[in-house]
Amino acid sequence: MNDTIRNGLPTCLAAHDLSGVGRCALTVVLPVLAALKVQTHVLPTGLFSNHLALAQPVIYDFTAEMQAWLQAWDVNGVRPDSIYSGFLTGPEQAEIVKGIAARYPTASHVLVDPAMADHGALYSSVPTEMIDAMRGLLRQADWTTPNYTEACFLTGTQYGEAAIPYERARRLAEQLALLGPERIVITSVPGEDGTLYNYLFEQANEHAEAFPFIPVGLSTVGTGDLFAAALWGQVLHGTAAAMAVRRAGQFVRRAVELLAQSGADPRFGVPFEAILTEWAGEVAI
């Protein structure tokens, strides 16, 4: 048995930050994975009073605590089935997460979501050294879900907002595959006529597929975390890659549409809670 208490559910170690205000990171990942019947062990990478797009965040770096928590888990026989890596505060944490894969040989699936950039720029708290550190971390992953900006940083590709043909997205995904992951999903790639698309590439069978959508036209936070968690919960139950990507994208799209219809402040993220139970029931895991 992998964990002391399993209850027949997949288990996931989630290394990610926790924001007190704003639907993102662990406040998104935990409920989505729970709705998809995944038991999650939380390894905080940092504690934020609010996400970085809001003013004056108070930030506590949890690098030292991560090592202590892992040691405590060793004593208690924690053995997760999978690992999900999200926002990391710096290269030192990337090294810790690299060691997690070796620490838990029971973890047959590893997702690295390189949550470090968007709209052509690194997040304000992320050092440039994180790009190389994330490249090294991807060698431990079998899945990765960078957005278009992150894919450009990781491959040394010049970022641009012009439409990206599917053939170019494939080349970008193939470059990412060279870093290690078997399956790559590049999210929010700019498409023709103002559309965006999520792009899946599976290295083993060279399957590639684009999932286009029309953006709602508002800027919010946490949608990448929402997509990654929705995808990962399905993958851990054996859902085929293309189906998992399609469903996760539809879930995020519906949540963003609900935000637009509600007129709520987009700085606090999308109201996924209102549709989570219904969507998880449709997935029928």
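A salt bridge here is a side-chain nitrogen of Lys or Arg within 4 Å of a carboxyl oxygen of Asp or Glu. With that in hand, welcome to a set of close-up views of a predicted model.

**View 1. Twelve salt bridges turn up in a search of the whole structure.** Some of them are shown one by one in the views that follow. A network of such bridges links Arg170, Glu174 and Glu206. As background, side chains of opposite charge can pair when their charged atoms come close.

**View 2. Glu273 and Arg23 join their side chains in a salt bridge.** The N to O distance of this pair is 2.9 Å. Glu273 belongs to helix H9 (residues 273-283), while Arg23 sits in the loop between strand E1 (11-19) and helix H1 (26-35), so the bridge ties together parts that are 250 residues apart in sequence. Both ends can be looked at in terms of their cover. Glu273 has a relative accessible area of 44% and is therefore partly exposed. Arg23, at 26% relative accessibility, also counts as partly exposed.

**View 3. A salt bridge brings together the side chains of Glu282 and Arg254.** Here the N to O distance is 3.0 Å. The two residues are 28 residues apart and link distant parts of the chain, with Glu282 in helix H9 and Arg254 in helix H8. Glu282 is partly exposed, its relative accessible area being 44%. Arg254 counts as partly exposed as well, at 27% relative accessibility.

**View 4. Within helix H3, Lys98 pairs with Glu95.** The closest N and O atoms of this salt bridge are 3.4 Å apart. An α-helix has 3.6 residues a turn, so residues three or four places apart point the same way. At 24% relative accessibility Lys98 is partly exposed, and Glu95 is partly exposed at 48%.

**View 5. Helices H3 (residues 91-103) and H4 (residues 129-137) pack with their axes within 9 Å.** Two packed helices are described by the angle between their axes and the distance between the axes. For H3 and H4 the crossing angle is roughly 5 degrees. Angles under 35 degrees count as roughly parallel, and H3 and H4 are therefore roughly parallel to each other. On the H3 side, the contact is made by Pro91, Ala94, Val97 and Lys98. Glu129, Met130, Ala133, Gly136 and Leu137 contribute from H4.

**View 6. Helix H5 is largely enclosed by the rest of the structure, because seven of its eight residues are buried.** The buried residues are Tyr148, Thr149, Glu150, Ala151, Cys152, Leu154 and Thr155. What do they pack against? Their partners are strand E6 (117-118), strand E7 (121-122), H4, helix H6 (166-177) and E9.

**View 7. Pro146 lies in the loop between strand E8 (143-144) and helix H5 (148-155).** Is this residue buried or exposed? Pro146 is buried, as its relative accessible area is 0%. Beyond neighbours within four places in sequence, Pro146 is in contact with Pro114, Ala151, Leu154, Leu176, Val185, Ile186 and Thr187. Two of these, Ala151 and Leu154, are also on the list of buried residues of H5. Between Pro146 and Ala204, which are 58 residues apart in sequence, the C-alpha atoms are 19 Å apart.

**View 8. Thr187 sits in strand E9 (residues 183-190).** With 11% relative accessibility, Thr187 counts as buried. Setting aside residues up to four places away in sequence, Thr187 touches Pro146, Asn147, Tyr148, Tyr197, Asn198 and Phe227. Tyr148 in this list is one of the buried residues of H5. The C-alpha atoms of Thr187 and Val38 are separated by 23 Å, and the two residues are 149 residues apart along the chain.

**View 9. Thr239 occupies the loop between helix H7 (223-235) and helix H8 (241-262).** Thr239 counts as buried, at 17% relative accessibility. Apart from neighbours within four places in sequence, its contacts are Gln234, Ala244 and Arg247.

**View 10. Leu18, Leu47, Val58 and Tyr60 make a nonpolar surface patch of about 330 Å².** One of these residues, Leu47, has its place in strand E2 (residues 39-48). Leu47 counts as partly exposed, at 33% relative accessibility.

How values were computed: Residues are numbered from 1 along each chain as its sequence is written. This is a predicted model: local features need pLDDT of at least 70, side-chain atom pairs count only at pLDDT 80 or more; totals for chains, interfaces and linings use all residues. Side-chain values use heavy atoms; hydrogens and water are left out. Patches are made of residues with over 30% relative accessible area and no salt bridge: like charges are joined within 9 Å, nonpolar side chains (Val, Leu, Ile, Met, Phe, Trp, Tyr) within 5 Å. Accessible areas come from the Shrake-Rupley method with a 1.4 Å probe; for residues, only the protein chains shown count as cover. Helices (H or I, at least four residues) and strands (E, at least two) are DSSP runs, numbered from the N terminus. Buried means under 20% relative accessible area, exposed over 50%, partly exposed in between (1.4 Å probe, protein chains only). Contact means heavy atoms within 4.5 Å. Axes are lines fitted to C-alpha atoms, for helices over the stretch in contact, and angles run from 0 to 180 degrees between N-to-C directions. Angles under 35 degrees count as roughly parallel, over 145 as roughly antiparallel, 65 to 115 as roughly perpendicular and the rest as oblique.
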